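Here's a quick briefing to read alongside the model. Have the sequence and the 3D view open, and follow along topic by topic.

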Amino acid sequence: MAVVTQYVVVRDGEEKMTFTTKAEADAHDKMLDMVDELLPLLERSETITEEKQLEDLAFFLAREREQVLIALGAKKPVKKKAVKSKEPEQ
C-alpha cells in the first residue's frame, strides 16, 4: 500500500483544491486571499454587475499579479538576458 501526502486548501469549510506540495497549496491559498481582497474593489467600480464576471476578473488579476504590479509601476519588469551562442573558435 502506498502512502500519499496531499495538501488541501479549505475555505469556509469547503474543499477548494488538492495539491501534492505544500508550496503549491500555499500559493493557491494566497491567490484566494487576493481574490477576496479584489472582489470588494471591483464591485465598487459598478462597471461589471454580474457576480460571475466579477469573480472571473478577480481570479484573472490574482493569477496575473506580477503583470498587474508591473502595469501599476509597483514592480520593474524582469529583463530577459540575451543568450550568447558559443561559436567554436577557428
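The largest pocket holds about 220 Å³ of space. Bear in mind that this is a predicted model.

**The pocket**
- Its lining is made up of Arg11, Asp12, Glu14, Lys16, His28, Leu32, Val35, Asp36, Leu39, Glu55 and Phe59.
- Helix α1 has the largest share of the lining, at five residues.
- Sorted by class, the lining of the largest pocket comes out as six charged, four nonpolar and one polar.

**Arg11**
- This arginine, one of the pocket-lining residues, sits in strand β1, which covers residues 7–11.
- Is Arg11 buried or exposed? Its relative accessibility is 15%, so Arg11 counts as buried, the cut-off being under 20%.
- The side chain of Arg11 makes a polar contact of 2.8 Å with the side chain of Asp36, and Asp36 also lines the largest pocket.
- Setting aside neighbours within four places in sequence, Arg11 is in contact with Lys16, Asp29, Leu32, Asp33 and Asp36.

**Asp29**
- Asp29 belongs to helix α1.
- Asp29 counts as partly exposed because its relative accessibility is 28%, and that class runs between 20% and 50%.
- Beyond its neighbours within four places in sequence, Asp29 is in contact with Val9 and Arg11.
- How far apart are Asp29 and Arg11 in sequence and in space? They are 18 residues apart along the chain and 8.7 Å apart in space, C-alpha to C-alpha.

- Nonpolar side chains tend to be buried together in soluble globular proteins.
- Here, the largest nonpolar core has eight residues: Met31, Val35, Leu38, Leu39, Leu42, Leu54, Ala58 and Ala62.
- Both α1 (22–45) and α2 (51–63) supply at least two residues of this core, and α1 gives the most, with five.
- Ala58 touches Val35, Leu38, Leu39 and Leu42, if you don't count residues up to four places away in sequence.
- Val35 and Leu39 turn up in two places: they're core members, and they also line the largest pocket.

Methods. Residues numbered from 1 in each chain as written. Predicted model: local features only at pLDDT ≥ 70, side-chain atom pairs only at ≥ 80, totals over all residues. Heavy atoms only, no water. Core = buried A, V, L, I, M, F, W, Y, C linked by side-chain atoms within 4.5 Å. Buried < 20%, exposed > 50% of the residue type's maximum accessible area, 1.4 Å probe, protein only. Helix = DSSP H or I, 4+ residues; strand = E, 2+ residues; numbered from the N terminus. Contact = heavy atoms within 4.5 Å. Polar contact = N/O pair within 3.5 Å; in protein donor to acceptor, adjacent residues only side chain to side chain. 1 Å grid on protein atoms, 1.4 Å probe; cavity = no way out; pocket = protein on both sides within 12 Å on 5 of 7 lines; lining within 4 Å. Points joined across faces, edges and corners; volume = space filled by probe spheres on them. Nonpolar A, V, L, I, M, F, W, Y, C, P; charged D, E, K, R; others polar.
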